[in-house]
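Today I opened my notebook to look up how charged side chains pair up in a protein. Come along and check each entry with me.

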Amino acid sequence: MVVKVFDITENVREEELNELDVININKVFSKIFARKNTDHLKIDCYANESSILKKYSENSEEFELIEFANELENAEQKNDGSRNKQITEGNLFIKKEPNRLILLKLENIEVIDKEKNYEMRNTFSTESNYYKGCILGDDLQKITIIDKNKSVARYWRENFLDLSLNKDSYQNSKQLIELLKNNNLFESELMQQKKFKKIKEYTENYIFTNDTFDKVHLSQNLSQEKLISEKNLNEIYSEESKKIDTEFSLSKKAIKEDYHKTINVSPDTKIYTENYVKLYKRQGIEYQDGKIILSVDESFIEKLPSELRVENEN
C-alpha cells in the first residue's frame, strides 16, 4: 500500500509523511469511503480513452502518482493558465492498493490537524461539503466518483478524470419512472406510512418540474415538506433504487413516453397531452355535463384558432 498527499494551490507540492501520518490518513479514507456512508453522491462512470486513470491502469507499477496532482492542478485552471478562483483549493490524498486506487480531495484541510500527524479533528464530519473522491478497481468501465455537493463538479469528473456516465439521462429517467410507478423507489417501511401517497405525488411533481433528479435534494425537499423524518438515504430509498444513479439529468423524452395520454371524445376528435398527470393535477382538464373543459395558459391564448378567440371575447 502507498499513501501520498499533495498540496495543490498555485503549485503542486508533495507532503513528507511518516508512519503515524499514514495511519491517521488511512482513518480518513476509512471514514469517508465506508460503505455505510451515504452522505455523498455516488456516480458510476467509465474512463474515456484520454483519461489519466486509463494511463495509470496500463502501467500502474511505473506510474508516478504526482501525475494525478499535476492533472488536477491543470483541471483547476482557467484557459489563460491562472487558477480558477471558483474552485476551492485543497489537498489531494492518494491511496494505492494492489487492486484498488482511491483519490480524495479535501477542500477544507482544517478538518484534519497536520501538526498532529493528520489526525481528524472533532469538527470532521462526512455531512459537511468539503470533499470529492474517486475509486478505481480493476475495471475501467466501473469507476465510482463521489462528491459531497449536490452535484458532481464538472472539473472533477470531466476535466480532471475524463470520465463519462455509465447511464444516460434517458435510461436513468425510464428506470426512475418505472420504480416510482411500481412503488419500488422508496423503502418498504416508508411505503407503510399514511403519508406515502403524498410522498409519491410530491416525487412525481418533482420529476415534472425539475431538469435534474437528485436523491439528496429530493429527500431534503420531502423533509422540508414534513413528509419524511428519515435522514439516512438507505432508510429512504430502496435497495432496488440503486439501479439508477444518485443524480442525473431528467429526460423529457422519457417523461413524455410514460405520461402522455390520448383521450377520445368523438369518432373524429382526440385530445392528446404529453403529460396527462401534470395536466390533471393542475386542474387543467375536467369533465362537466357532457363536455371536456381545458384551461389555456395565457401565453398560448394568441395561438388559439381565431374563431375560438372571437367566441371567447364575445
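I began with the term I needed: a salt bridge is a side-chain nitrogen of Lys or Arg within 4 Å of a carboxyl oxygen of Asp or Glu. I also noted that this is a predicted model.

**Entry 1: Glu107 and Lys132.** I found that these two side chains form a salt bridge, with N to O at 2.8 Å. The pair links distant parts of the chain, 25 residues apart. Glu107 sits in the loop between β5 (100-106) and β6, while Lys132 belongs to strand β8 (residues 131-136). Are the two buried or exposed? I looked up both: Glu107 has 13% relative accessibility and counts as buried, and Lys132, at 3%, counts as buried too.

**Entry 2: Lys114 and Glu15.** Here I noted another salt bridge between side chains, at 2.9 Å from N to O. Lys114 is in the loop between β6 (112-113) and β7 (119-120), and Glu15 is in the loop between β2 (12-14) and α1 (19-32), so the pair links parts of the chain 99 residues apart. Lys114 is partly exposed, with a relative accessible area of 32%, whereas Glu15 is buried at 13%.

**Entry 3: the count.** How many salt bridges are there by this rule? I wrote down 20.

Notes
Residues numbered from 1 in each chain as written. Predicted model: local features only at pLDDT ≥ 70, side-chain atom pairs only at ≥ 80, totals over all residues. Heavy atoms only, no water. Helix = DSSP H or I, 4+ residues; strand = E, 2+ residues; numbered from the N terminus. Buried < 20%, exposed > 50% of the residue type's maximum accessible area, 1.4 Å probe, protein only.
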